Amino acid sequence: MSAFAPGESPGSSIATAVADARVEDGAGDGIVDVPRTGALLAAFEAVESSPLVLEHITKRFGGVLANDDISLRVEPGEALGIIGPNGAGKSTLLRLISGLHAPSAGTITLGATRIDGLRPDVVNRHGIGLANQIPKPFPALSVAENVQVAATSHRRKGATRARVTVDDVLELCQLGTRAKARAGSLGLLDLKRLELARVLATGARVLLLDEVAAGLVGDELTAAIQLVHSIHRSGRSMIIVEHVQRVIQEIVSRVVVLDWGKLIAEGTPAAVAADERVRDVYLGRRAQREVGSVSSPHSENADDKVRSSALLEVQGVCAGYGSLIALDHVDLRIGESEVVSVLGANGAGKSTLAKVVSGHVPARSGRLLWRAHEVTVLPTYKRARLGIAHSPEGRRIFPDHTVCENLLLGAAHSASRARRTERLEWVLGVFPALRTLGARRAGLLSGGEQQMLAIGRALMAEPSLLICDELSLGLAPTIVDTLYDTLLEVRASGIALLLIEQNTSRSLAVSDRAYVLHRGRVTYAGAPEPLLDETFLVQRYFHGEIQSQRDLDEAGGDPRGVPTGE
Amino acid sequence: MATTALSRAPGPVAPALPLHRRGVAALGALVVAGAACLALGDVGGAGVLSLGTTLFAYVALAQAWNILGGFSGQMSLGVGAFVGTSAYTVALTMTRLGWSWLPGMVAGMVVAGALSALLAFPLLRLKGDYFAVGTLAATMALDAWFDNWSFVNKSMGVSVPIQAVPGQTEMYVIGLVVALLAVGSAIVMRWSTFGVRLLAIREDDLAARLMGVNVSGYRLVVMVVSGMLIGLAGGVFALSLVSFVPDGMFAMSWTIEALVMVVIGGMGTVIGPIVGAVAVYYGITTELANFPTLSLFFEGGLLLVIVRFVPGGLWPFVVRSARRLLERRGPAITTARATSPPSP
């Protein structure tokens, strides 16, 4: 898909859907969408909104300049998008506005009130709410209680007793049925909804949304966009930081681009997308390429390879957490130096599969064979010594260690010092960007750099199989390009790859074979090419391959909340 | 549906009732339980009275620790600081000022609360392990100070004037009232808007802050309330022990007792600390009163078993088991097992 295609009318489908939902428009006849949503939205109609003005905002962390003289103005009711590569200072800017950090210089005002330097809870009471990039639910509390925390922290003086209840907010955010569930048990989409619900419940008039769509795919993404759009239609101002370009295309009217803490471009989504500089620093040349044209170089002889030497064989593995079944008789094979993708919606069991292979999650039944030796019950550290390296979801780098220490920790324990140094050199050769960062604390790296570090650390162990879980999550397109280029290099050195990905087009492009999981079962196994057909892929993602009557029965009622196309 | 009212009423979201329905019900149950304990004291002999008094004080102690550690997530190792301060206040006001036990205990509670507020300023800047170590350091400092302060007879300790100590029945009632106050505070703090915010701070203080919760304010309130309740329990201990020395009243053992009771009973629940106090004090300490070493051994053993096999504590385990038993009777067992999220 091309990014920001200028011809497309932004968000037409969503806009109509939302307009339909609004009873106030008088278009209330024959509405299919829940009419109550419209009424609720009207109830949330922002009372009075003030412009948010940032003037000459600068933020330094030690020697790092995260924001450099940024001036911005967000009009009441406007939706402003912020894009830029990882480490450009987007999240920092939101954290400055929300009061989590104080700017080193510059002022932030909301209407007539200066809010920079105020405590986050005070800033929030002025009507600014931040939805976090990584949802921060109160896991032991119920969903309703989570929203209650937000709702009850506000006793504005002179405010009329509000009549919108916690239940209303939950309903608006489509969480009504989950009100009593523990927040810790929610799936990703519901967590994102909860994050929004809590911000709404604080009565915020300016919403700061930090990558609300990250990690969502297909119908989930559409649902999330629809929700954000409907909230925006209620008259609230928004600043949206986002890598998922559909969100930017369909919701915002104006985009600013940050790079190295500086504001480098500003304009409509289409104008910004056409900007040469923006393409260079952010979108990347390859974003323009059509997915269908990518061919997989090794697919022809893939089958022979698997038959001749299976590096890893997963045979009928089941796994789960408590009463939840995450993997249901999964079979998977990876050949020597083969690249295998595992795709699927959130909650399909992809990460669990990765953890079963690396040993973090035990297999309840079935077998795992590593080079024809059984490793089913082998502890994780022993599997690591055999050559299974796992670069986990969320990177899991050691933030207080330096980059160099992180890498050296990844080296095999038995390796001699000379061997470690040699390996370190090789990894730094693969990731030249890390070389200059060697002495920096890993926690200070940007998202892309941390991802490189996580992969580099996994490679230090001289593995035969590298598992990458959600490699591209939350990363700018250019960074993802670089990472995938690097993976090809890694494969060329004879290391097999198991890619767990949401970014299907990227991972399919480099894969020899692919698997699709749906609710813990393999619904597709084979060459990646057929999956490039989007309808075929979506079918495998959300409905599974209907192979038997049993599958048919299960497809009817879907208790685990994977959204079906409605 | 009040949709028209909704559409005309913009503004912030209505807060829920200050005290939730469940909290009101729990307070009602507490009143009934209190009356039952009072009746039990009437019919029971001297044994019940003295056992009850100490048990009530331990319930209060455990509950006060639970409010701070279980609800707001601040693990304190400084229970002794408040027990000691309050006990000394009670003894000193009674001997030096000639006060009776009631104003003495109130003074003890106030001084313990004030100490709590004073300590909160440095301690609330600390998090997690640092907070715990900070509270421990404060306790040890107070112990050392009282050990060397001639005003309080240094390490010789002080005594409550024996003629001013209330009788056994009065002590039983005092203990009961203190325990009821502690459990009542826990109920109000758990099932109220305050409590929901408090638990939110425990779960993720940053997110709570972003939602407009004044985190340090809440932490301060909880610390002071917990300190006052521990102070009340300390007053009961002072009146029943009559004479004591700094090393006993500022001891680490108060913290350990409270912590063990809470962990065994169920941290972060209202009933758990009561269950824990009964299990540890009545089930082990008094049953094995003649074998104090053995009793410590059993206490430690029980703690190990709980932490290993029932990590949530006894009370949540009982609730879970009961729920499971009820579910088993239902027809939808197979689907429920396959789809329900992992139990809390």
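Two residues are in contact if their C-beta atoms, placed from the backbone, lie within 7 Å. By this criterion, residues 24 or more positions apart account for 70% of the contacts in chain A with a separation of 6 or more. In chain B, the corresponding share is 79%. The structure described here is a predicted model, with an ipTM of 0.72 and a pTM of 0.71.

The confidence of the prediction was examined for each chain. Chain A has an average pLDDT of 77, and 80% of its residues score at least 70. Among the elements of chain A, the lowest mean pLDDT, 37, belongs to helix 1 (residues 12–21), and the highest, 92, to strand 4 (residues 105–110). In residues 286–307 of chain A, pLDDT stays under 50, and the model has 25 contacts beyond four places in sequence for this stretch. Residues 545–566 of chain A also stay under 50, with 25 such contacts. For chain B, the average pLDDT is 86, and 90% of the residues score at least 70. Values under 50 run through residues 1–16 of chain B, for which there are 49 contacts beyond four places in sequence. They also run through residues 332–344 of chain B, where 20 contacts of this kind are present.

Chain A contains 22 helices and 20 strands. Of its 566 residues, 51% are buried. Strands of a sheet pair through backbone hydrogen bonds, either parallel or antiparallel. One open sheet in chain A is built of six strands in the order 6-7-8-3-9-10, and its pairing is mixed. The edges of this sheet are strand 6 (128–131) and strand 10 (262–267) of chain A; each has a single partner strand, so one side of each is left without a neighbour in the sheet. From one strand to the next, the twist averages 20°. Within the sheet, strand 3 (residues 79–83) and strand 9 (residues 254–259) of chain A run parallel and are joined by four bridges. Gly81(A) has Val255(A), in strand 9 of chain A, as its bridge partner.

Chain B is made up of 16 helices and two strands, among other residues. Its radius of gyration is 22 Å, close to the 20 Å that the globule rule gives for 344 residues, so chain B is as compact as a globular protein of that length. Along the principal axes, the C-alpha atoms of chain B fill a box of roughly 70 × 45 × 35 Å. Buried residues make up 47% of the 344 residues of chain B.

Two packed helices are described by the angle between their axes and the distance between the axes. For helix 4 (residues 79–96) and helix 6 (residues 128–147) of chain B, the angle is about 35° and the axes are 8 Å apart. On the helix 4 side, the residues that meet helix 6 of chain B are Gly80(B), Ala81(B), Gly84(B), Thr85(B) and Tyr88(B). On the helix 6 side they are Ala138(B), Thr139(B), Leu142(B) and Phe146(B). By class, this contact has five nonpolar and four polar residues, and no charged ones.

The loop between helix 5 (101–123) and helix 6 of chain B holds Arg125(B). Arg125(B) is exposed, because 11 other C-beta atoms lie within 10 Å and a residue counts as exposed at 12 or fewer. The C-alpha atom of Arg125(B) is separated by 8.7 Å from that of Ser216(B), 91 residues away along the chain.

Definitions and conventions
Residues numbered from 1 in each chain as written. Chains lettered and ligands numbered in written order. Predicted model: local features only at pLDDT ≥ 70, side-chain atom pairs only at ≥ 80, totals over all residues. pLDDT = per-residue confidence, 0-100. Pairing = 2+ DSSP bridges. Axes fitted to C-alpha atoms, helices over the stretch in contact; angles between N-to-C directions. Rg over C-alpha atoms; globule rule 2.2 N^0.38 Å. Buried ≥ 20, exposed ≤ 12 C-beta atoms within 10 Å, placed from the backbone. Nonpolar A, V, L, I, M, F, W, Y, C, P; charged D, E, K, R; others polar.
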